[in-house]
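Subject: Structure handover

Hello,

The structure you asked about is below. My notes on its contents follow directly after it.

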Amino acid sequence: MSRFPGLSRAEFEAFLRAFTQPGTLVFRNNKWLGLNRNGKSYTVHVRYGGSRKYDASLVEVVAKDLGVSLQEFKDWYEKR
């Protein structure tokens, strides 16, 4: 079971913006593209017409790709 919560579409976008290098996040062809804090590229594929909620397992996998610890995420989540 994931320790990360599910996020709405707006929360998910804010999460990506918070942990992506400034100016690198773009949404193109149902994909979020960007560079994590270490300069590595990442892609998050989004189903067209999908739910407006991103489940906890996706949030956890994306956090891992972004190099975000659970504690960093919780700190951000409480302050948003």
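Tyr 77 is partly exposed, at 26% relative accessibility, where the class runs between buried (under 20% relative accessible area) and exposed (over 50%), with a 1.4 Å probe and protein chains only. Phe 73 is buried, with a relative accessible area of 1%.

This is a predicted model: local features need pLDDT of at least 70, side-chain atom pairs count only at pLDDT 80 or more, and totals for chains, interfaces and linings use all residues. Residues are numbered from 1 along each chain as its sequence is written, and side-chain values use heavy atoms, leaving out hydrogens and water.

Rings of Phe, Tyr and Trp (its six-membered ring) are paired if their centres lie within 6.5 Å; planes under 30 degrees apart are stacked, over 60 edge-to-face, and the rest tilted. This rule gives eleven aromatic pairs. Phe 73 and Trp 76 make a tilted pair, 5.6 Å centre to centre with 50° between the planes. Phe 73 and Tyr 77 make a stacked pair, at 5.7 Å and 20°. Phe 73 and Tyr 77 are both in helix 3, four residues apart, about one turn of the helix; helices are DSSP runs (H or I, at least four residues), numbered from the N terminus.

Both residues also belong to one aromatic cluster, whose members include Phe 4, Phe 12 and Tyr 54.

Arg 80 lies over the face of Tyr 77, 4.0 Å from the ring centre; the criterion is CZ of Arg, or NZ of Lys, within 6 Å of the ring centre and within 35 degrees of the ring normal.

Regards

Definitions and conventions:
Helices (H or I, at least four residues) and strands (E, at least two) are DSSP runs, numbered from the N terminus.
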